[in-house]
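Dear colleague,

Please find below the structure I promised to hand over. My notes on what was found in it follow directly after.

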Amino acid sequence: MARLRCELRPVTTLTLAEEHRGEKLYGAFKTILYRGSCLSRCNSGGHRSDCLYAMLFESQDPKGFLFRPSLGGPAELSPRRPLVFELRLFGQAISMAPLFIDILKRLEKHGLEDRAVELTSVRSLDWLGTRAHLLVDEGRPTGEDPLPLDFGQMPGEDATPRSARLEYLTPTYVKHHRLVQRVPTLQAVVCRIRDRLARLCQLWEGQEWQADGAAIEALAANVRPLHTGQWLEHKRHSTRTDRQMPVEGFRGTATYEPVSPALWPLLRIGQEIHIGQHVVWGNGMYRIGVN
């Protein structure tokens, strides 16, 4: 994975609520790439596999990237209060970092929510966010490469507590055995991490993730969460279908006990890759809290 911390500075005041930031960034990014894609050649057939738009947006999920806006703060953004977010790239998508940066730079011409913005900086962070490669400095690309982060070297506590408290920071919509989880069970969480990780490996690293899926699910069976929080829902307008679509999920805290020590590495990876529906906008983000 690569963590690109981006800063977009509005030229004038821009009002953008926290829950809409990821989807608006995704929508603007997709629109810019679509307009610049080789649509006439793609639609005529024979060139689809060479089209970056088709590779990033028309391939099967999961996408090789996600937007992770910073949480908190007022909805009103300004030159003194920029929009800060992470763009996370997975596997082979890391090599596409210059393309992603170029498209973000094109936002300066196309705007975000009809407001002019400037891409002032992009930093590729390490796991702890304490070291960085500067990819864009004062609006200018530097030519530096992103820092690739190995999940095998991801920092984490050696301890494996008996209970886990997960803070769901953005709406988290997951299903388990086709049932929507109004409060995610531990089994639903680890199964969604398992499946997402397996697909990321398959589609974006060209290799199979070696794990016993049935054993992972069995380890989390019959663990019921104690929770505080609520089910959230808002509407978004789909430009593709010209319809209002619901965006929903659980946001709050859930404590699970007992948690098998074998599940802790998976839970820590889940913090980084998100789970459930609309992860590409930053939904399904959780943090392991301290009990």
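Does Val-279 count as buried or exposed? The model is a predicted one, and in it Val-279 counts as buried, because its relative accessibility is 11%, where buried means under 20%. This valine sits in the loop that runs between helix H7 (264–273) and strand S14 (286–289). Leaving aside residues up to four places away in sequence, Val-279 touches Leu-66, Phe-67, Arg-196 and His-274. Val-279 and Arg-68 are 211 residues apart in sequence, yet their C-alpha atoms are 8.9 Å apart in space.

The four-stranded sheet

Strand S14 belongs to an open sheet of four strands, ordered S12-S13-S9-S14, with antiparallel pairing. Strand S12 (226–238) and S14 stand at the edges; each has a single partner strand, so one side of each is left without a neighbour in the sheet. From one strand to the next, the twist averages 15 degrees. The partner of S14 is strand S9 (residues 164–172), which runs antiparallel to S14 and is joined to it by four bridges. To locate this pairing on the display, you may look for Glu-167, whose bridge partner in S14 is Arg-287. Helix H1 packs on this sheet and touches S12 and strand S13 (243–256), its direction making about 50 degrees with that of S12.

The peptide bond from Glu-257 to Pro-258 is cis, with omega near 0 degrees. Pro-258 is placed in the loop between S13 and H7.

How does the end-to-end distance of H1 agree with its 18 residues? At 1.5 Å a residue, H1 should span 26 Å, and its end C-alpha atoms are 27 Å apart, which agrees. Several residues of H1 are buried, among them Tyr-26, Ala-28, Phe-29, Ile-32 and Leu-33. Arg-21 and Glu-23 are also buried.

The axes of H1 (residues 18–35) and helix H4 (residues 97–110) come within 10 Å and cross at roughly 95 degrees. H1 is therefore roughly perpendicular to H4. On the H1 side, the contact is made by Ala-28, Phe-29, Ile-32, Leu-33 and Arg-35; on the H4 side, it is made by Leu-99, Phe-100, Ile-103, Arg-106, Leu-107 and His-110. Sorted by class, the contact of H1 with H4 has eight nonpolar residues, one polar residue and two charged residues. Of the H1 residues named in this contact, Ala-28, Phe-29, Ile-32 and Leu-33 are buried.

The six-stranded sheet

There is also an open sheet of six strands, in the order S3-S5-S1-S6-S7-S8 and with antiparallel pairing. Its edge strands are strand S3 (65–69) and S8, each of which pairs on one side only. H4 lies across strand S1 (2–10), S3, strand S5 (83–89), S6 and S7, and it runs at about 155 degrees to S6.

Two hairpins occur among these strands. Strand S6 (residues 117–125) and strand S7 (residues 132–137) pair in the antiparallel sense over five bridges, and Ser-121 has Asp-137 of S7 as its bridge partner. Six residues lie between S6 and S7 in this hairpin, and Gly-129 in the turn has a positive phi of about 75 degrees. S7 also pairs with strand S8 (residues 140–141) in the antiparallel sense, over two bridges. Here Asp-137 has Arg-140 of S8 as its bridge partner. The hairpin of S7 and S8 has two residues between the strands.

Residues with positive phi

Two residues deserve a separate entry. Glu-138, in the loop between S7 and S8, has a positive phi of about 50 degrees although it is not a glycine. Glu-138 counts as exposed, because its relative accessibility is 61%. Asp-114 is likewise not a glycine and has a positive phi of about 65 degrees. Asp-114 is placed in the loop between H4 and S6 and is exposed, with a relative accessible area of 75%.

With kind regards

Key
Residues are numbered from 1 along each chain as its sequence is written. This is a predicted model: local features need pLDDT of at least 70, side-chain atom pairs count only at pLDDT 80 or more; totals for chains, interfaces and linings use all residues. Side-chain values use heavy atoms; hydrogens and water are left out. Axes are lines fitted to C-alpha atoms, for helices over the stretch in contact, and angles run from 0 to 180 degrees between N-to-C directions. Angles under 35 degrees count as roughly parallel, over 145 as roughly antiparallel, 65 to 115 as roughly perpendicular and the rest as oblique. Contact means heavy atoms within 4.5 Å. Ala, Val, Leu, Ile, Met, Phe, Trp, Tyr, Cys and Pro count as nonpolar, Asp, Glu, Lys and Arg as charged, and the others, Gly among them, as polar. Buried means under 20% relative accessible area, exposed over 50%, partly exposed in between (1.4 Å probe, protein chains only). The expected span of a helix is 1.5 Å times one less than its number of residues. Two strands pair if DSSP finds at least two bridges between them.
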